[in-house]
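Work through the following exercises with the sequence and the model open side by side. Each task is followed by a solution that goes step by step.

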Amino acid sequence: KVAIKGIERELICPACKELFTHPLILPCQHNVCHKCVKEILFAFEDSFADGGSESSNPSSPRIKISSSSMDRIDRISRSGTKRNSLTPRSSLFPCPGCQRDIDLGERGINGLFRNFTLETIVERYRQAARAAIAIMCDFCKPPPQESTKSCMDCSASYCNECFKIHHPWGTVKAQHEYVGPTTNFRPKILMCPEHEMERVNMYCEICRRPVCHLCKLGGCHANHRVTTMSTAYKTLKEKLSKDIEYLISKESQVKAHITQLDLLLKETECNSERAKEEASHSFDKLSHVLEEKKSAALRAIEASKNLRLEKLQMQAEEYQGLLENNGLVGYAQEVLKETDQSCFVQTAKQLHVRIQKATESLKSFRPAAETTFEDFVVDIAKQEEILGDLSFHSNGLEIPEINEEQSRMYNKALISWECPGKTDSADTYVLEYHKLNRGEESAMWQETEVCSKSKVISDLDDDSSYAFRVRGYKGSICSPWSREVILRTPPAPVFSFLFDDKCGYNSEHLLLNPRRTSVESRAGFPLLLGSERMQVGCYTTLDYIIGDTGIAKGKHFWAFQVEAYSYLVKVGVVSSNKIQKLFHNTHDVTSPRYEQDSGHDSGSEDAFFDSAQPFTLVTLGMKKFFIPTTPAAPKDPASRILPLPSCLGICLDCDKGKVGFYDAGRMKCLYECEVDCSGIMYPAFALMGGAAVHLEEAVTAKYGEYHDDI
């Protein structure tokens with residue numbers, strides 16, 4: 001048997017770092033104390049209410065939430081709510097075991113099972129750890145006696161006398177199940193948390209959890225693959241037994257690995273000390289260079305100071321001599337007393353020159369030396385930046401590259417990167433980004449640590465450009481920064497909607513996917529059958545579909561993709577007071593003879609066609625984007641035809657009465673015009689022939705998927 005004291009590591013909660021208390025099994029199969037789950041969710045709710053991570057639930061000192069867990073709580077709290085109240089709301093839980101965000105479903109904590117097996121093992125461990133501590137009787141009068149048995153049906157402990165009193169012979173209680181003294185009382189039958197009156201009798205192989213027959217009949221496991229509890233028990237027990245037998249048979253190999261690991265521990269200690277010495281030596285060399293530079297700079301400043309002081313002192317002495325009875329003036333006064341003309345002339349000539357110089361210097365006074373030391377200011381900005389990036393040599397660590405095709409800007413920013421080499425030696429990555437402002441020369445980089453190769457960033461300003469860069473880390477070793485990539489956010493907040501399958505939807509010609517995010521127009525038998533009713537043969541109607549949500553005010557942006565094979569698609573906006581006219585407009589036809597891409601251009605025909613439309617939209621098709629005919633548009637038809645972007649966007653500003661059509665990949669405006677926003681505005685689409693439109697999906701955090709191992 002395995003010693004109970006040798007498994008302490010498996011009995012510690014990853015959140016509170018203490019022995020499990022009423023452990024719950026998460027969907028990721030990790031166990032967390034019931035109290036810890038509630039406290040982590042309370043911390044999440046506090047963070048969501050406060051709008052940030054400053055609230056870390058200080059009233060719960062028991063739980064130790066790591067900084068990475070708080071970062072995930074912040075990310076979840078910033079992710080916002082779902083589209084509407086009709087969508088079932090799910091609870092996200094940052095698992096402290098696998099460091100992933102787990103979806104607890106609609107029932108949250110109430111949908112989790114207690115791990116009674118683990119609870120029993122923890123209780124046995126506690127009893128082994130406190131063998132000298134007795135469990136007292138729950139019914140004795142003070143002082144209580146030591147209990148001799150515990151009733152699993154009553155969930156209480158008794159001494160011999162109290163057990164006889166409360167479980168008399170000939171009564172129902174006499175049939176209760178009793179065990180040795182314990183504080184761990186578990187139910188005899190495991191009940192379903194979703195259907196509290198039903199016992200679990202099946203096992204869902206998809207969700208890897210026990211379920212009842214109601215869960216299978218009409219619950220969330222209706223379409224899942226399930227098996228009987230006995231089959232799951234037998235399968236799991238056989239697999240677990242085989243794996244345990246295999247590990248026990250490899251005991252000598254495990255001991256050899258332990259010996260090797262002990263040697264590696266000692267080697268790691270020695271190598272770390274050597275690395276510390278080398279790092280200390282390197283920084284000592286830097287310090288020596290800095291000390292030399294410091295001494296040289298101080299010597300230069302001191303020499304300059306002495307030279308300036310000497311010049312200023314001499315100048316002060318010269319001006320001191322200009323005073324009466326002092327210096328030069330005093331000497332000149334004595335020379336004037338000379339009566340011998342030849343001697344006076346001989347001395348006075350040189351003296352007069354000095355007096356003239358002193359007079360001129362007095363008229364234009366200028367200090368002999370500067371008092372400022374601006375030339376001796378040390379510029380260390382570049383050195384500071386270099387020292388800031390000072391790290392251990394990358395030792396071949398690959399420089400990551402941001403994948404611009406997989407990265408995108410929408411309601412949030414999704415930044416993806418990859419390493420050019422086949423092997424990825426980095427453990428973590430640091431992603432930095434900052435907003436590009438024309439008025440500011442340098443902006444502060446914001447950084448976030450990432451364990452994967454993608455990151456979703458929220459709270460970016462609309463209609464702004466951001467620079468991104470990433471570097472890899474392996475321990476303390478880091479790679480150089482990647483090339484900076486500049487992405488632009490949408491010009492307005494993202495507007496979410498689905499295709500409306502009620503108002504004017506033509507199910508014969510249009511096909512919606514179940515999520516109502518894609519619509520397809522099939523050029524099949526309905527079109528051929530409709531051609532029998534055409535009098536000329538060159539006219540065919542457009543099939544319209546609108547969004548299920550309208551816009552009354554403000555500025556909004558949405559994006560979509562048009563399949564390259566699409567023959568004709570029109571996109572734009574329509575007012576609520578013109579929807580009826582939209583679906584019953586007699587001029588709502590398209591003729592190949594007069595289409596803009598047919599090669600025949602007539603200003604009067606285009607003007608009539610545009611004026612007849614009860615909405616504002618542009619034409620797409622055959623991998624082209626057609627700028628509508630307006631007085632401001634180019635007259636040459638070729639200049640009004642642009643390549644069709646891979647993703648298109650529409651920006652509607654109800655306050656200004658304008659609608660713009662964008663290349664959503666670059667967030668560049670291709671065409672803008674005025675629009676009447678007197679009513680509620682709806683996104684509008686029209687398709688003809690073979691065509692398809694897919695709404696751009698919102699950027700959301702990706703949750704882990706848990707694969708079945710049975």
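Y662 counts as buried, since its relative accessibility is 13% and buried means under 20% relative accessible area, with exposed being over 50% and partly exposed in between (1.4 Å probe, protein chains only). The model is predicted, so local features need pLDDT of at least 70 and side-chain atom pairs count only at pLDDT 80 or more, whereas totals for chains, interfaces and linings use all residues. Residues are numbered from 1 along each chain as its sequence is written, and side-chain values use heavy atoms, with hydrogens and water left out.

**Exercise 1.** Find how many aromatic pairs the whole structure holds, and classify the pair F499 and F685.

Step 1: Rings of Phe, Tyr and Trp (its six-membered ring) pair if their centres lie within 6.5 Å, and planes under 30 degrees apart count as stacked, over 60 as edge-to-face and the rest as tilted. A search of the whole structure with this rule gives 13 aromatic pairs.

Step 2: For F499 and F685 the ring centres are 5.3 Å apart and the planes stand at 75°, so this pair is edge-to-face.

Step 3: The two residues belong to distant parts of the chain, 186 residues apart, with F499 in the loop between strand 20 (485–488) and strand 21 (510–512) and F685 in strand 34 (residues 681–688); strands (E, at least two residues) are DSSP runs, numbered from the N terminus.

Step 4: F499 is buried at 0% relative accessibility, and F685 is buried with a relative accessible area of 1%.

**Exercise 2.** Classify the pair F557 and Y662 and locate its two residues.

Step 1: The centres of these rings, F557 and Y662, lie 6.0 Å apart with planes at 85°, so the pair is edge-to-face.

Step 2: F557 is in strand 25 (residues 555–562) and Y662 in strand 32 (residues 658–663), so the pair ties together parts 105 residues apart in sequence.

Step 3: F557 has a relative accessible area of 0% and is therefore buried.

Notes. Helix = DSSP H or I, 4+ residues; strand = E, 2+ residues; numbered from the N terminus.
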